[in-house]
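Thanks for asking me to look this over. Here are my notes on the salt bridges, point by point.

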Amino acid sequence: MRLPLSFLVMVIVTCAYAQDYPIAPVPFSKVTITDQFWSKKIKTNHDVTIPIAIQKSEESGRIDNFKKAAGLMSGPFGTEYPFDDSDVFKIIEAASYSLQVYPDTKLEATIDTLIDYITRAQEPDGYLYTNRTIKEGTVHPWAGDKRWMNVNELSHELYNLGHMYEAAAAHYTATGKRTFLDVAIKSADLVCNTFGPGKIQNYPGHQEIEIGLVKLYRITKNTDYLDAAKYFLDARGKEGVGRPDKYNQSHLPVTQQTEAVGHSVRASYMWTAMADVAAITGNQDYVKAINTLWHDVVDTKYYINGGIGSTGSHEGFGAQYELPNLTAYNETCAGVGNATWNHRMFLMTGDAKYMDVLERTMFNNILTGVSFEGNTFFYPNPLASMGQYERSEWFGCACCPPNVARFLPSMPGYIYAQKGDEVFVNLYISNQSTLQLPGGNLTIQQQSTLPWQGHVALSIANDNMVNAKLKLRIPGWARNEPSPGGLYEYLDQSKKPTIVKLNGEVQNVEIDDSGYVTLNRTWKKNDQVTLEFPFEVRKVKARSEVTEDRGKIAIERGPILYCAEEPDNGSVQNLILNENATLKAEFDKDLFGGTMIIKTTARKASRDRSGKVNLSEEVPLKLIPYHLWSNRGPGEMTVWIPTSLETTRPSPAPTIATNSKITTSRGSRALYTIVDQQTPMNSADKSQPVYDWWPKKGSWEWVDFAFDKNQKVSKVKVYWLVDAPEGEVALPDQWEVQYRTNAANPQADNVWKSVKTKKKHDVTKDGWNEITFSEVHALGLRVKVKLKDEYSAGVHEIVIE
């Protein structure tokens, strides 16, 4: 077999970097999961999620794009985005990890076929980007007329390659086959020869290739790949290079960035790469920068579910303490990026606080991204819903499902780590693993009752004796610290300690400044360490700066965050929970195959026709793990439960509008927002869900109210939504009111009559706009809206009187 030139060069190149992370993770392939909670999810991922991802990639044309680029079939580029190649790469990565856990000849053959298509689609010099290689049709506008032309904008040429390099590294590690690795090396050589000093000076618009290049460096020891990863990081914010933009973190050099801004997935991938490069090169400027950025995120921009990225307008970070719940974005991909970044920070420092973040994100953000059955998905992960969210079978932009699919089988790699004879036990999940230490092998059998109970037993199973320092992470939730940055705190402090026993005897140990208890001894067969964590139901409050969460509490137990959902409780946005309420944990063996629920009582608030808010008597309240919400269809949900009338959201009073059947010219699950009787602070207020006609522009649109009986109406009030010029929604050119008096097809224009207005009406923002007209008797009413040619329009609220 003829080896590629880059491989021959690799053999004779002396690596200039001899270091790496001071702490080494124990690979997931060396950890056998026996845990009932996680083993089921990893198996479902293998049996359901990965096959669905392959199926959807076939149905959507993603796989066909490679076949077309390879000349195996005709036709133009067949999908919506030029980054769709990356989804196929992530699927291969996920399958490669899963094959190490569950050998599967059929799946392996499918992956080999995909790799063959990719190999054939690669151009002779190593270029791989199906949108440009396919000769039929036109190149996507984001791609530009020439290679690399828009690489710092939206072409995603380098982003795609980063996921390919990660997938190729995973496939090579899992199977020992070089087929995909050789494709990646050929591509990486082209990238190194194309970008850098004296070549094309630019950076990727979406960070990811940096992570992939480091993984190729670790396999090949070719320092060109590491140098290229560092170049792409250092090119950001460099004068004369690209176009500075906070959205993709190119507004400043990476070492000068102190605030988390822009797109959260891009940011978390960049910080992960900075940690990788810093660990290998010793670059302390990178270390200082990502430590500062970590504090900005965890101290001020971190959701209680471990998610990051509060706003959907740019899928990213808002201002400090800007953490809305109903409109929270918390993209699943950002959760994966946050977990991997924090794992790297742990490997660099040995501090348990990073594993605290990883654990919270893993249980309450990443797991939420996939349904219990593994076949439907969330892209954003809000902390409250009025029924507008529902899991999807797939997405046009399908980055999240394969990201979850690749995370789950690799999760066991986060359980253990080692540094010399120090063994870090970071996650408490039943498993068996053999670690190679300086003094010999150490086999650990872990039996854990987490996440439902707090008992853990670690048994030594090797025949030989071995010296080791067993470092046991004491989670933040067991130390009265729900988040390491102080953004959240428990309402009361638990006095129950974590009890550590060695061979049945309680150990007098202290938790060190890094969050670990250390047992240093010569370990022998049948030695057993047990931990008993305090596992109380805890009430959490946010710092007062988080205005969305004032006067509210969240409920958690161990690493699991809970929520109230409509199928169990009816409406939940109108709840009021007494801060002193008794909360009881109870195992429900029939719910989702067995899960721990929490029971208590609460009151509900509702508004009457006079505007007065009334409270119900105490009613039962059932809470379920947040990651399991929306597995029973769309409906209301809340994580943060109000504790007073001032912070709850009363059920709206029965009115003509609330009793109507509402339809619009652009369907939406958010139609309830039009009549929820919540007056916004101003037209730009997006702290609550809103309705808009985007992406429509320049057209006449409408909202119809079908009454349950003949009604007398004489006034309509509208509060307009405006987010322009930053956004796409502005005041409309004009609006009018029509009514109908018969039950004929309301979609037929001839059934609608214009009302006779009594005075001129304007279109203004930051207040109510009203049309007063001569009283009519109607079975239905229509608000017609003429959009501006350059903008769409939207509404916060409509009132009919």
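1. First, the term itself: a salt bridge here is a side-chain nitrogen of Lys or Arg within 4 Å of a carboxyl oxygen of Asp or Glu. Lys715 and Glu801 make such a contact through their side chains, at 3.7 Å from N to O. Because Lys715 sits in strand E27 (residues 700-721) and Glu801 in the segment after strand E31 (794-800), the pair ties together parts 86 residues apart in sequence. Helices (H or I, at least four residues) and strands (E, at least two) are DSSP runs, numbered from the N terminus.

2. A word on the basis: this is a predicted model, where local features need pLDDT of at least 70, side-chain atom pairs count only at pLDDT 80 or more, and totals for chains, interfaces and linings use all residues. Residues are numbered from 1 along each chain as its sequence is written, and side-chain values use heavy atoms, leaving out hydrogens and water.

3. The search of the whole structure finds 50 salt bridges. One of them joins Glu166 and Arg406, whose closest N and O atoms are 3.3 Å apart. This pair links distant parts of the chain, 240 residues apart: Glu166 is in helix H7 (residues 157-175) and Arg406 in helix H15 (residues 400-410).

4. Are these two partners buried or exposed? Buried means under 20% relative accessible area, exposed over 50%, and partly exposed in between (1.4 Å probe, protein chains only). Glu166, at 5%, counts as buried, and Arg406, at 8%, counts as buried too. Lys715, at 23%, is partly exposed, and Glu801 is partly exposed at 38%.
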